[in-house]
Amino acid sequence: RMLHWARYVQKDRLPPVYPIAYKHARAAHLPFKNETQRLVTSFGAFHYFATPNTVMEFKRVLVPGGVVCIVHQTPREEDLFEVAWRSVVAGYIGSVPRRHKDEINYNPRLVVQLLRGGCFVKVKGRHIQHAERYTLEEAIARVQSMTHWKSVPDTHKGEAVQRLCLAFECIWKKKKNTIDRLTDVLCILGT
């Protein structure tokens, strides 16, 4: 679902400046030859594979001077989008932990040390407050692209979508026809 979401955003929301080819692969075994990529990105997923081996793999495929960009989002306390989807999904799977069971022990602030240990010389981090703006349909699609959605039993997903619609419609009306997802973003660049 993540690749589907990325292609949707690319097609419908981004200008066609650079062609983007999305590949499904394990981070520690990228399907590219040595020194062939100018950019490696990880948006909201690095916590699943934040290891020295993965960082070395990023370095292997990057051309000299290439950039790795790791983005980590954390919902803000006042984020109604987060409260809504978590309450609906929790109704089907019990509690929704802040970390999924597949995540390794991860601290976004340690990413800088991890990149430096992987031979990235210039490493910079920046915190940004961000708001993603969704239509009702986009908010539902966003939740369906999340890891926790996989835990909702298939036999209950239709009902869960209906409950998401009700929850998001309340936000939609309060926020005058928009649903905002409020996050703190940590963006880390390494070259």
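**View 1. F46, F49 and F58 come together as one aromatic cluster.** This is a predicted model, and by the ring-pairing rule it has four aromatic pairs. One of them joins F46 and F49 edge-to-face, with 5.6 Å centre to centre and 85° between the planes. F46 also pairs with F58, this time tilted: 6.2 Å between centres and 40° between the planes. F46 sits in the loop between β1 (37–43) and α2, while F58 belongs to helix α2, so this pair ties together parts that are 12 residues apart in sequence. F49 is partly exposed, at 23%.

**View 2. E57 of helix α2 (residues 52–61) reaches over to L30.** Its side chain comes to 2.8 Å from the backbone nitrogen of L30. E57 also touches A27, A28 and H29. With a relative accessible area of 11%, E57 counts as buried because that value is under 20%.

**View 3. K59 lies over the face of F120.** Check the spacing here: K59 is 4.6 Å from the ring centre.

**View 4. Helix α6 takes in residues 157–174.** From first C-alpha to last, its 18 residues reach 26 Å, close to the 26 Å expected. Which residues of α6 are buried? They are K157, A160, L164, F168 and I171. Residues three or four places apart in an α-helix point the same way, because there are 3.6 residues a turn. Covering the buried residues of α6 are, among others, α3 (80–93), α5 (136–144) and β4 (179–190). Just past α6, look for K176, which takes a positive phi of about 60°.

How values were computed:
Residues numbered from 1 in each chain as written. Predicted model: local features only at pLDDT ≥ 70, side-chain atom pairs only at ≥ 80, totals over all residues. Heavy atoms only, no water. Helix = DSSP H or I, 4+ residues; strand = E, 2+ residues; numbered from the N terminus. Expected span 1.5 Å × (residues − 1). Buried < 20%, exposed > 50% of the residue type's maximum accessible area, 1.4 Å probe, protein only. Contact = heavy atoms within 4.5 Å. Polar contact = N/O pair within 3.5 Å; in protein donor to acceptor, adjacent residues only side chain to side chain. Phe/Tyr/Trp six-rings, centres within 6.5 Å; stacked < 30°, edge-to-face > 60°. Lys NZ or Arg CZ within 6 Å of the ring centre and 35° of its normal.
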